[in-house]
There are 2 protein chains.
Amino acid sequence: MQSFNPPVRTLMGPGPSDVHPRVLQAMARPTIGHLDPFFIEMMDQTKEALKYAFKTENELTMPVSAPGSAGMETCFANLVEPGDKVIVCINGVFGNRMKENITRFGGEAVVVEDKWGEAVTVEKVEQALKENGDAKIVAFVHAETSTGAQSDAKAICALAHQHSCLTIVDTVTSLAGSELRVDEWGIDAIYSGTQKCLSAPPGISPISFSEAAIHKLTNRKTPVTSWFLDLNLVMGYWGKGAKRAYHHTAPVNTLYGLHESLVMLMEEGLENTWDRHKQNHETLKANLEGMGIKFVVNEQDRLPQLNTVWIPDGVDDAAVRSTLLNEYNLEIGAGLGDLAGKVWRIGLMGYSARKENVLLATAALKEVLSA
Amino acid sequence: MQSFNPPVRTLMGPGPSDVHPRVLQAMARPTIGHLDPFFIEMMDQTKEALKYAFKTENELTMPVSAPGSAGMETCFANLVEPGDKVIVCINGVFGNRMKENITRFGGEAVVVEDKWGEAVTVEKVEQALKENGDAKIVAFVHAETSTGAQSDAKAICALAHQHSCLTIVDTVTSLAGSELRVDEWGIDAIYSGTQKCLSAPPGISPISFSEAAIHKLTNRKTPVTSWFLDLNLVMGYWGKGAKRAYHHTAPVNTLYGLHESLVMLMEEGLENTWDRHKQNHETLKANLEGMGIKFVVNEQDRLPQLNTVWIPDGVDDAAVRSTLLNEYNLEIGAGLGDLAGKVWRIGLMGYSARKENVLLATAALKEVLSA
């Protein structure tokens, strides 16, 4: 077995996205102890920077030491108790995964369904809330990574609160890529990933919980099934400064990477980052439409950072992606579930959202499709 | 907020241990997609190398995408069903954590208790097995990170099998640091960490499951509570070659680090690695005893890679550790639980198990204690 030297790719799939050299360098800095005062100071800074990225004042804002799927599970494991009724909106893979979480933790899932590629229909959520006065939580995906559709998080959260429900929102693909305002929109529990628009390596899931969500989890009648994800314990580990209680060993070097990506986010400015994603999306959109390629999602519901397009008739999906990867070192994403073989997902996330990438993707796709 | 530049420490606590520059460099290699053929090839190599490190032919040998605590939870979440009786041996922090896992997943814990700092008493396990004919699992910690005691895994597993029980074994601190033979000893489910004797950064937990363990988890009557850790799903993601099914996004760069540390392990040879830990332990032991410092654990039950010693009378625990850290950049570990303030844990794990570290630790401790 030899040392592994990966090829140098341009990552324009649904994530991981390209990681900036500054972030990669940060990963390689010397490992220090997870109880070292310097590490604790870095943890505090990371929490503050995540508050900035989420636009929240939530004290409980921190990175979970595992990928986005574990961030999702952190929300449901802590907030759903056996018997709790949860309204869950499904319009793609990750809404389905939410439902799976709800039932595994003993909750009762009330499904609000929309077609893959469409946004969650706000009126359907309202109807479900009216029909289920005993519902405790509304869960939905803000930015569906499987389709590239974004839903109206502000409107759904407002409705949920009118009906005294907490909200759990998946923002794995939206955080730092498009408008997201945790406090203003009234999101109670949110999770994301590092490997999308933050452009840090995968393996960590930033989360944030409102006071109302903390109230629910600290007043549970039953213990959280997961010891590893029990926020009653994890909060002590990520608590302020020196008062931290040992829980698990944090992924030290991966957190160096996340910290550096957050430094870069603050240097650019969050709103500027949103704009950059939008501008590059506009160019890519014009280029693809110029080639006769059509988008799956309606214009008003489209995520700029994840462009899902129909594969032109007669084109071999796997052959094209494989040629792009092997001959151009360019990765674009395949479709999932019912959309497998029918769509491509072209990501413009974080450091991948650059003019040169848009040009490369356009030119490479043009060459391969006309070959 | 500025880029984070950690101090350069010598890590001789209970982990994380020093990470070799080769491993740090591997972490900084370009991120590629987790479905990239090159990444899949690296995953296959990593699984093979973990089989080598565990001394097993178990097909289900893989790294969990989260720290050791999640590796522990993977074992209990998948193998314990509500109502299952589990004999759990407690002789330190991590045995207690096992018990917590058992009860959270609805199991009934039968506790076999030994003093902190002592090995598990094999006769007590036998007694418990005789008294609990309906027990399904025996769980214990091979190498207690909180005390530095190692237990006789071979004898306990043999007894468990005589009574038709599966075994779950914590080897977070033993893997690659001292003798460990999964197949020969009959371990059914094992978990470890990367940040101890493998000297890779924290954040990943290698596990291995025997055929008998797989039979139990694939024949459960109830679903695994955790979606993220459900091996029925994760096995598909870490399955052989191109047949992999998307589950979550693997921590790509951290896995580069683990891969490199496994390459180095194979270069040195597993048995040579065990020897190196032992030799450095012998030197450290002689040096410490020469200073009148006494070990907590009986000689025959001592882990060479984790030296737990009584703090000499009248010495200020926190002041010494803090001076070592601030003035010598040397980290040693504090005691946990009842041993807090009474012991130090001096690690010689992985890349930290070097002659120069033994000399440094001895000399620095001598200076600080005589100051």
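Through which surface do the copies, chain B and chain A, meet? Of the interface residues of chain B, 100% are also interface residues in chain A, so the copies meet through the same surface. This is a predicted model, in which local features need pLDDT of at least 70 and side-chain atom pairs count only at pLDDT 80 or more, while totals for chains, interfaces and linings use all residues. As for labels, residues are numbered from 1 along each chain as its sequence is written, and chains are lettered from A and ligands numbered from 1 in the order in which they are written.

Back to the two copies. Chain B superposes on chain A by a rotation of 180° with 0.0 Å of shift along the axis, at an RMSD of 0.0 Å. The two copies are thus related as by a two-fold rotation axis. Contact is meant in the sense of C-beta atoms, placed from the backbone, that lie within 7 Å.

Now for chain A by itself. Chain A has 13 helices and 11 strands, taken as DSSP runs numbered from the N terminus (H or I and at least four residues for helices, E and at least two for strands). Its C-alpha atoms fill a box of roughly 65 × 55 × 40 Å along the principal axes. A compact globule of 371 residues would have a radius of gyration near 21 Å, and chain A agrees, with 21 Å; the radius is taken over C-alpha atoms, and the globule rule is 2.2 Å times the number of residues to the power 0.38. Among contacts in chain A between residues at least 6 apart in sequence, 72% join residues at least 24 apart.

Chain A is assigned domain 1 (10–15 + 270–370) and domain 2 (21–266), with bounds that come from an automatic or database domain assignment. Over C-alpha atoms, the centres of the two domains of chain A are 27 Å apart. Their contact takes 24 residues from domain 1 and 26 residues from domain 2. On the domain 1 side, α11 (270–290) and β9 (306–310) of chain A each supply at least two residues, and α11(A) has the largest share, 4 residues. That side of domain 1 has 12 nonpolar, 8 polar and 4 charged residues.

Strand β8 of chain A deserves a look. In this strand (residues 205–209), 5 of the 5 residues are buried, so β8(A) is largely enclosed by the rest of the structure. Ser205(A), Ile207(A) and Phe209(A) point one way from the strand, and Pro206(A) and Ser208(A) the other way. Strand β2 (residues 60–64) of chain A pairs with β8(A) in the antiparallel sense over 5 bridges, and Pro63(A) has Pro206(A) as its bridge partner. Strand β7 (residues 189–191) of chain A also pairs with β8(A) in the antiparallel sense, over 3 bridges; there, Ile190(A) is bridged to Ser208(A). Pairing calls for at least two DSSP bridges between the strands.

Thr46(A) counts as buried because it has 24 C-beta neighbours inside 10 Å. Leaving out residues up to four places away in sequence, Thr46(A) touches Pro63(A), Leu255(A), Leu258(A), His259(A) and Leu262(A).

On the other copy, Gly68(B) sits in helix α3 of chain B and is buried, with 30 other C-beta atoms within 10 Å. Beyond its neighbours within four places in sequence, Gly68(B) is in contact with Thr249(A), Val172(B), Tyr191(B), Ser192(B), Gly193(B) and Ser205(B).

Conventions. Buried ≥ 20, exposed ≤ 12 C-beta atoms within 10 Å, placed from the backbone. Least-squares fit on C-alpha atoms with pLDDT ≥ 70 in both. Contact = placed C-beta atoms within 7 Å. Nonpolar A, V, L, I, M, F, W, Y, C, P; charged D, E, K, R; others polar.
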